[in-house]
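Please open the model in your viewer and keep the selection tool at hand. The stops below go from one selection to the next, with the criteria given as they come up.

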Amino acid sequence: GDDAAIIDANQINSLLSSNKNVEALKLFLSSSPTGVKDPTSKKAARDLAFRILMAIKTAQMDGAISQLDQDSLDVLMKFIYAGFESPYEGSSGHLLVWHEKVFSATGIGSVVRVLADKRKA
Amino acid sequence: MAASIQKVGPAIPIQCHAWSSDRQTIAVSHNDKLVELYKQQPGGSWNQTDILDQHDLRVNDIDWAPNTNRIVTCSADRNAYVWVQGADGKWKHTLVLLRINRAATCVRWSPQENKFAVGSGARIISICYLDEEKDWWVAKHIRKPLRSTITTVDWHPNNILLAAGCTDFKVRVFSTYIKEIEPKPSATEWGAKMPFANLMAEFSNSPTGGGWIHAVAFNEEGTRLAWVGHDSSIAVADAPSGMVMMKLKTNLLPFLSLLWIGPNRLLAAGHDCVPVLFHVDSAGKVSQGPKLEEGGNVVEATAAASAKNMFKNKDRLGQELVDSRLGTTHQNQINSMRILEGNKVEARRVSTTAGDGALVIWNLASGALAVKLTALKI
């Protein structure tokens, strides 16, 4: 069965405002965010993902990635590609750095799973 | 040499291959409607001895029964043929009406060779057996709960249970018990009641979808079932421990074929063009071992001969360098793998065919590979 998404947007927003960006990322990724079904909530999930990814600075990325498990990394890669798909001003450059770092941790397998998995970001 | 390339016909992608029981003859299909038989000559080259030409469309799978020496082929033309070699050496065909309205995708003889299973795009598995009276192959259908194309089938050693992988991202074990031709089977770890088409077990490759299933394989005793999916994963289900499924998501490209080469060892090959070893521990957990050869995706390029050619290539191809070869023996995805010498408990040599039209034989007992195999934690 599919896990329904249980994204606690308030908690995540409060973590972001207290600059606990990596915590926000971990919480977001473990809330099955790809399980969102209806288009409005999907956009909201993507927007939230985007804010978190942009908030984390390049220097913090390696540390963040080392704290994520395999499944979370797969979900992260899905949102990175979702970000490429619908870019904001200046987002792609930052996402490219994210992509490079996640890729060196997961190899091509996570990219294959972005394409092959039924549940998309 | 650990990996040796054999030339069996032109360098056109090979869809599938199967060996005769004495391993002197190989049946291959080069992505067309023909099945070609090649026999190895004393010098090491391969001569074409027969062409089996009855199908109208591409042959998708071949299987060669070792004891009865019968070949079964299935094709996109929705048919299967059983081929029997006469005393004169010529192969005679018998059409098998599968009663499907889509392409047949995969075929395997059962261990006792009195049945064969054909997967198809019609969401049906046809189980075919010989009606002795009428001398005619009869097909019975397994339909529920298959929702999509069956891509791969493998038999349990008890000649009754069949595993099937599907493009609905699921792996299933069915009973193919046909009371007309065989005694009632005794219970196994997969269950006790086995009426025909009974679903004994079903596994979802992943809660998030998981990609098409490309290959399934029972181990020697039939207690474990392994499969590979298009989400670059390999998984093993263990029946005795209560159908526990352990999955490993790899960092590699997806695998297309899978073999048990030891009681705890799997060999998988696919889009990375090289077989990779996997180890299954007593708890069923899968861990990745080494590739059978290093080389990765090295682009060995040769610079164009002159300045003029260099600019010509820059213009035409967008790059200066002209050639690119993979560092692996195979230059394209491996889609079919067979045990050439040995069995599922101890495989000594394995054969692979790929989209580059090459047949490669891997000697697992040779120096370098043997070291890799023993280095795998037992």
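Begin by selecting Arg123(B), which sits in the loop between β11 (115–120) and β12 (125–131) of chain B; here helices (H or I, at least four residues) and strands (E, at least two) are DSSP runs, numbered from the N terminus. This is a predicted model, in which local features need pLDDT of at least 70 and side-chain atom pairs count only at pLDDT 80 or more, while totals for chains, interfaces and linings use all residues. Residues are numbered from 1 along each chain as its sequence is written, chains are lettered from A and ligands numbered from 1 in the order in which they are written, and side-chain values use heavy atoms, with hydrogens and water left out.

Arg123(B) counts as partly exposed because its relative accessibility is 42%, where buried means under 20% relative accessible area, exposed over 50%, and partly exposed in between (1.4 Å probe, protein chains only).

Next, select β10(B) together with β11(B). Strand β10 (residues 104–109) of chain B runs antiparallel to β11(B), and five bridges join them; two strands pair if DSSP finds at least two bridges between them. Within this pairing, Trp109(B) has Phe116(B) in β11(B) as its bridge partner. The two strands form a hairpin with five residues between them, and Glu113(B) in the turn has a positive phi of about 60°.

Asp61(B) forms a salt bridge with Arg108(B), the closest N and O atoms being 3.2 Å apart; a salt bridge is a side-chain nitrogen of Lys or Arg within 4 Å of a carboxyl oxygen of Asp or Glu. This pair links distant parts of the chain, with Asp61(B) in strand β6 (residues 59–64) of chain B and Arg108(B) in strand β10 of chain B, 47 residues apart. Asp61(B) counts as buried at 10% relative accessibility, whereas Arg108(B), at 22%, counts as partly exposed.

On one pairing, strand β15 (residues 161–166) of chain B meets β16(B) in the antiparallel sense over five bridges, and Leu161(B) stands opposite Ser175(B). The hairpin of β15(B) and β16(B) has three residues between the strands, among them Phe169(B) in the turn, with a positive phi of about 70°; Phe169(B) is buried, with a relative accessible area of 17%. Five bridges also join β16(B) to strand β17 (residues 199–204) of chain B, again antiparallel, with Val171(B) partnered by Phe203(B).

Now show the side chain of Arg172(B), which is buried, with a relative accessible area of 1%. Arg172(B) forms a salt bridge with Asp168(B), the closest N and O atoms being 2.8 Å apart, and Asp168(B) is buried too. Arg172(B) also meets Glu202(B) in a salt bridge (2.7 Å, N to O).

For the last stops, select Lys144(B) and Pro145(B), which are joined by a cis peptide bond with omega of about -5°, and then Asp71(A), Asp74(A), Arg113(A) and Lys249(B), which are linked in a network of salt bridges.
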